Amino acid sequence: MLARKDVEKLANAASIKLSESEAGKFAGQINELLEYVEKINEVDTEGVKPTLYPVSLENVFREDKVEPSLERDRALANAPEERDGQFRVPKIMG
Amino acid sequence: MSREYEIVIGLEVHAQLATESKIFCNCSTQFGAEPNQHTCPICLGLPGTLPVLNKKVVDYAIMAGLALNCTINGYSKFDRKNYFYPDLPKAYQISQNDFPICSDGFIEIDTEEGVKRIGINRIHMEEDAGKLVHEGSIDQATASLVDYNRTGIPLIEIVSEPDIRTPAEARAYLTQLKQILEYIGVSDCNMEEGSLRCDANVSIRPLGQKEFGTKTELKNMNSFRAVERALEYEVERQKKVLEEGGEVIQETRTWDDSLNKTISMRSKEEAADYRYFPDPDLPPLQVDKEWVERILASLPELPREKQERFVREYALPEYDAGVLTDSRPLADYFEACVAEYSDAKAVSNWIMGDFLRLLREENLEIEEVKMAPANLARMLQLMDKGVISSKIAKTVFEEMFKTGKDPEKIVEEKGLVQISDASQLEEIVLKVIEANPSAVEDVKNGKDRAIGFLVGQVMKETRGKANPGMVNQILKDKINSL
């Protein structure tokens, strides 16, 4: 069972703010999901290697070749704000 | 009560790989472009884009691993390291967590107690983040400006074992590491341009204690000297904390070069939780034996091997071999000279002396030197033939270095041919004897030093062109027959 403080931790990791009532609501919803997923644990996986990738590709490469980048105006088109060719964002203390 | 402490240091070095394009897209890696000129939907992290790994990055990482005596892992994969900071537009950095490309290597460094092996825990590949500039002063700024040119530049992170025991050893490790990476050409290791960066973990423990003390992580050191000084400061700070009965807090501290101290970066309330997971956009890597062998075959001679060979092959002192193999271009220059002139020690003396001095004075890279290695060889031959004296050779050398002209041409143009004509020298010697009766008297009375003075006077008269051996002989003969 997911406790209330786990929900807070999750919200913090996802950088979202939850109100008291939201935290309670989501705790309930997430627990329902977890219970559902718990069912998978009923399968015997003894000796089965974990699957990390859904497809069986490996070694997919490109050559080290430069191609034109985006024009700067287009790169900055979705910027919340722009200044001197740079993205302007609220300051975040490191 | 002052106790004896042991210092424990581990270093994390980020080296930018010298590829043309970024690690997961075709944007240029060139330094110095206008902000955000080298970006595309992939390195800007736009939704729906697919990163594809640059094969050269893997080649270079394997090469670095081999040069640093690592095991190249057959299987490795990329993971997402999640954190929110505007220097990463995707809110995660693509890195390698539990399956890095290389592990278990070492570097050998010279210490006062002899050669010491510093373990390398791992080398992994990752993408660099963007550059953030805070508007106005750091404490009053309300906004930051972001340049994503650097985002997606390929890096390898080289993580040492906590085997380093003094700040000086840390510096030696970095110097050696940089030299190796430069030799194999995987990174230009330019610290000013940020292509080599170093973070340090440092702790102290009472001598004999097995458990590690609490460590701090040091950042923002922009030179090897800064790394050494920051570590020295931090060790003293930790000692003081312990001596005063306090406890070292695990935290990140930034080095302030102008204040000459480390400053706490306010340890975050909770430890960062990066929630690594495999990046589903990037299939895993399988590096087979053939691949590793191909890279191994292309690996150039490494600094230590070269140094040992120079001692063996050219019968040079260890010291000379060390200086000459400091960089690959310098070693190549030396070998090109020796190919034309067999007295390796003579070549070494000129290169270690005047060559390196002029290089420093003129602030040049070896590639920019106008003097061809063959010309140094020919100058040495001119000395052997007695055409020029060693004193004149210095002038010729300097002129060759600055203009790139042939030594013969310089000798001819400047009229520097050594005077070896006995009658001409006799004339000058007699003049000097006449002008310096007291020195002549001293020579007669067995004061050997006085003969040197008289030789000097002859040299002065001939502006250094007289054959010193002949002058010496003629002087002795003339004085004896007085």
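This is a predicted model: local features need pLDDT of at least 70, side-chain atom pairs count only at pLDDT 80 or more; totals for chains, interfaces and linings use all residues.
Two strands are said to pair if DSSP finds at least two bridges between them, and the strands themselves (E, at least two residues), like the helices (H or I, at least four residues), are DSSP runs numbered from the N terminus.

Residues are numbered from 1 along each chain as its sequence is written, and chains are lettered from A and ligands numbered from 1 in the order in which they are written.

**Where the chains meet**

Counting two residues as in contact if their C-beta atoms, placed from the backbone, lie within 7 Å, 30 residues of chain A are in contact with 38 residues of chain B. On the side of chain A that touches chain B, the elements giving two or more residues are strand E1 (61–62), helix H3 (72–75) and strand E3 (86–90), and E3(A) gives the most, with 5 residues.

E3(A) is also joined by 4 bridges to strand E10 (residues 143–147) of chain B, and the two run antiparallel. Both belong to an open sheet of 4 strands with antiparallel pairing, in the order E2(A)-E3(A)-E10(B)-E9(B). Its edge strands, each of which pairs on one side only, are strand E2 (82–83) of chain A and strand E9 (131–134) of chain B.

**Chain B as a whole**

The secondary structure of chain B comes to 15 helices and 17 strands. Its radius of gyration, taken over C-alpha atoms, is set against a globule rule of 2.2 Å times the number of residues to the power 0.38; at 30 Å the value for chain B is well over the 23 Å that the rule gives for 482 residues, so the chain is more spread out than a compact globule.

For the table, a residue is buried if 20 or more other C-beta atoms, placed from the backbone, lie within 10 Å of its own, exposed if 12 or fewer, and partly exposed in between, and pLDDT is the predictor's confidence in each residue, from 0 to 100.

| Property of chain B | Value |
|---|---|
| Box filled by the C-alpha atoms, along the principal axes | roughly 95 × 60 × 50 Å |
| Buried residues | 38% of the 482 residues |
| Mean pLDDT | 92 |
| Residues with pLDDT of 70 or more | 98% |

For the complex, the predictor gives an ipTM of 0.89 and a pTM of 0.85.
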